[in-house]
Protein chains: 2
Amino acid sequence: MPQANDANPLAGGKVFEQLGLIGCGLMGGSFALALKRSGRVKRVVGFSQSKGSIERACAIGAIDEAATSAQAAVTGSDLVLLAVPVAATHATLAAIQSFLEPNCLLMDVGSTKCDVVAAAHQTLGAKIACFVPAHPIAGREVFGIEHADAHLYENCQVILTPTEVTQPERIQDANALWSALGCRVRQMSAANHDKAYAAVSHLPHLLAFAMMQTITQQPLGQDFLTLAGPGFRDFTRIAASAPEVWRDILLANRQDVLAQCQHFQRQLQAFEKLLSQEDGQALEALIRQASLTRSNWTLSQPAS
Amino acid sequence: MPQANDANPLAGGKVFEQLGLIGCGLMGGSFALALKRSGRVKRVVGFSQSKGSIERACAIGAIDEAATSAQAAVTGSDLVLLAVPVAATHATLAAIQSFLEPNCLLMDVGSTKCDVVAAAHQTLGAKIACFVPAHPIAGREVFGIEHADAHLYENCQVILTPTEVTQPERIQDANALWSALGCRVRQMSAANHDKAYAAVSHLPHLLAFAMMQTITQQPLGQDFLTLAGPGFRDFTRIAASAPEVWRDILLANRQDVLAQCQHFQRQLQAFEKLLSQEDGQALEALIRQASLTRSNWTLSQPAS
């Protein structure tokens with residue numbers, strides 16, 4: 001289903017005149033810093049609903065000029081990055097639509113793609129040809145411009161889910177751009193993306209949130225927490241993720257997430273049953289499968 | 001419930017003449033290396049069912065002499081560490097009981113404690129006075145003597161669950177010994193230990209195993225795995241743990257684990273319900289609780 005695209009990071013990439021950045025948080029700020037560092041953009045104009053974020057983005061050199069609106073940030077930009085919460089995508093696309101330059105490259109960085117593509121179809125009109133929906137797999141449990149990092153996207157995968165009417169040139173531009181930032185670029189349909197990430201990202205987050213609640217909802221929960229070790233630390237790291245962001249992701253992809261949740265509960269019940277029956281042999285066999293699969297798995301890295 | 005014991009690591013610790021090590025895997029091998037490094041033992045005699053493990057333990061200097069049996073390793077040892085799989089504890093204790101020196105310090109390193117204490121009551125007779133059940137919280141998803149590390153126990157917690165008839169001097173010795181290895185020592189009942197670790201360790205392992213199975217039991221599971229990112233990597237790290245070890249832990253503590261599993265499923269179902277109802281506000285509130293609890297949590301470290 002997914003296809004790897006190991007483009008030469010330095011081949012065929014163009015230098016953009018102006019990045020219009022909408023949303024100056026961890027993802028947007030890091031993108032601007034990385035892009036400037038790579039020399040692929042001459043100037044960054046940024047907008048954020050949060051005045052403090054814009055000021056900090058200026059202070060750390062992520063943006064060169066603060067725009068007074070999303071429309072202003074888009075005007076004159078041959079590259080536009082939407083880095084707003086998923087729930088704000090529709091309204092933002094509608095607001096900027098008539099200000100987008102023809103042939104600009106428009107991307108987002110959202111963790112769900114079907115909802116973004118639907119919003120684009122509803123709002124962008126002919127300018128949907130410019131839009132290359134993107135999802136960089138660069139997880140951090142911290143958020144906000146204060147954590148922006150020019151190296152955030154290095155060695156991570158980026159999934160592009162272009163629409164049927166996205167211009168091939170824009171897809172090429174997007175490919176070259178993310179490759180230049182050190183990413184491995186892959187392309188698939190929005191539907192396949194959302195199914196896959198419901199399994200490998202959204203479900204794990206949901207389980208990590210439920211795990212934390214499981215402990216704190218018990219009378220001795222706070223005592224239990226003081227006893228937890230390194231396994232717990234790593235298992236629950238993603239539970240510290242941003243609440244609004246994950247509310248939106250889980251809601252946007254709720255059908256796939258609920259389906260994965262059903263799969264998970266069946267597997268958990270299989271373990272429970274063997275445990276209740278004290279069937280050590282079958283229990284060990286299941287654990288062995290899981291352990292081998294995990295031992296043989298490695299994080300996908302760009303070919304270097 | 002648990003009590004911290006911030007003993008001065010270097011105060012009051014005695015030097016042992018001979019450690020009798022039964023089981024030469026990651027935990028036993030690392031203990032022997034750490035103890036030798038700290039200067040708290042003069043000589044280590046080791047036994048393992050696996051000839052290869054004994055040879056490697058000799059080769060890396062974890063043990064000075066290979067014993068031909070558990071009984072031989074125990075004879076003449078003023079310190080005995082049982083580092084065998086939990087399921088082998090009962091038979092091993094029964095085998096060594098009459099060979100244990102009076103007033104030796106006998107400890108184990110098992111992840112469950114009620115079963116170990118029960119086995120000790122059934123097998124040790126009066127020598128149960130020497131026994132200080134111990135659980136160092138030093139997680140690794142690797143196993144075997146080849147991963148033994150003199151620093152494995154540094155900065156970790158060790159839970160002691162002495163029985164009602166354990167001699168106070170033995171508890172003091174155990175306390176001083178683990179403190180000298182750089183651990184924070186805490187003491188509680190075996191029952192409280194098992195309840196707490198069902199919540200913060202055994203349940204997370206069970207969920208991580210079930211998570212791996214959830215993915216691999218789907219037709220596109222292998223494709224999904226190639227898309228997973230750093231969040232998935234950390235969330236599932238513990239799924240790579242040793243199958244036999246975790247079979248034994250889950251079986252030994254199955255009542256507490258099943259109870260925690262029920263708690264977890266209720267929490268997961270609460271998330272599912274809000275997701276189905278598209279209740280963003282209540283969903284965000286739950287995620288925020290989980291996220292705040294996790295953000296405010298830190299791994300317990302020895303006071304330095």
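Reader: How many aromatic pairs does a search of the whole structure find over all chains?

Author: This is a predicted model. Over all chains, the search finds 12 aromatic pairs.

Reader: How is such a pair described, and what is the case for F271(A) and F209(B)?

Author: Two quantities describe a pair of aromatic rings: the distance of the centres and the angle of the planes. For F271(A) and F209(B) the centres are 6.5 Å apart and the planes are at 20°, so this pair is stacked. F271(A) belongs to helix α11 (residues 254–276) of chain A and F209(B) to helix α7 (residues 190–216) of chain B, so the pair joins two chains. Both F271(A) and F209(B) are buried.

Reader: Which arrangement do the rings of Y153(B) and W178(B) have?

Author: Their centres lie 5.4 Å apart with the planes at 80°, so the pair is edge-to-face. Y153(B) sits in the loop between β8 (134–136) and β9 of chain B, while W178(B) sits in helix α6 of chain B, so the pair ties together parts that are 25 residues apart in sequence. Y153(B) and W178(B) are both buried. In chain A, ring pairs link F31(A), Y153(A) and W178(A) into a cluster.

Reader: Let us turn to the sheets. What is the order of the strands in the open sheet of chain A?

Author: The order is β4-β3-β2-β5-β6-β7 (chain A), an open sheet of 6 strands with parallel pairing. At the edges stand β4 (65–66) and β7 (131–132) of chain A, each with a single partner strand, so one side of each has no neighbour in the sheet. Helix α6 (residues 168–180) of chain A packs on this sheet, where it touches β5, β6 and β7 of chain A, and its direction makes about 60° with that of β6(A).

Reader: Which way do the side chains of strand β5 of chain A point?

Author: In a regular strand the side chains alternate between the two faces of the sheet. In strand β5 (residues 79–82) of chain A, L79(A) and L81(A) point one way and V80(A) and L82(A) the other way; all are buried.

Reader: Which strands pair with β5(A), and over how many bridges?

Author: Strand β2 (residues 19–22) of chain A pairs with β5(A) in the parallel sense over 4 bridges, and in β5(A) the bridge partner of L19(A) is L79(A). Another 4 bridges join β5(A) to strand β6 (residues 105–108) of chain A, again running parallel. Within that pairing, V80(A) has L106(A) as its bridge partner, and L82(A) stands opposite D108(A). Together with helix α4 (residues 89–96) of chain A, β5(A) and β6(A) make a right-handed β-α-β unit.

Reader: What are the edge strands of the open sheet in chain B?

Author: The sheet has 6 strands in the order β4-β3-β2-β5-β6-β7 (chain B), with parallel pairing. Its edge strands are β4 (65–66) and β7 (131–132) of chain B, each of which pairs on one side only. Strand β3 (residues 44–47) of chain B and β4(B) run parallel and are joined by 2 bridges; G46(B) has A66(B) as its bridge partner there. Helix α1 (residues 26–38) of chain B packs on the sheet and touches β2 (19–22), β3, β5 (79–82) and β6 (105–108) of chain B, and its direction makes about 165° with that of β2(B).

Reader: How is strand β9 of chain B joined to β10 of chain B?

Author: Strands β9 (residues 157–160) and β10 (residues 184–187) of chain B run parallel and are joined by 4 bridges; Q157(B) has R184(B) as its bridge partner.

Reader: Which residues touch the most other members in the largest nonpolar core?

Author: They are L250(A), F264(A), L250(B) and F264(B), in a core of 84 residues. Beyond its neighbours within four places in sequence, F264(B) has contacts that include F264(A), L268(A), L203(B) and L207(B). A second, separate core has 62 residues, among them I63(A), A83(A), I96(A) and C156(A).

Methods: Residues numbered from 1 in each chain as written. Chains lettered and ligands numbered in written order. Predicted model: local features only at pLDDT ≥ 70, side-chain atom pairs only at ≥ 80, totals over all residues. Heavy atoms only, no water. Pairing = 2+ DSSP bridges. Phe/Tyr/Trp six-rings, centres within 6.5 Å; stacked < 30°, edge-to-face > 60°. Buried < 20%, exposed > 50% of the residue type's maximum accessible area, 1.4 Å probe, protein only. Right-handed = clockwise from strand over helix to strand, strands pointing away. Core = buried A, V, L, I, M, F, W, Y, C linked by side-chain atoms within 4.5 Å. Contact = heavy atoms within 4.5 Å. Axes fitted to C-alpha atoms, helices over the stretch in contact; angles between N-to-C directions.
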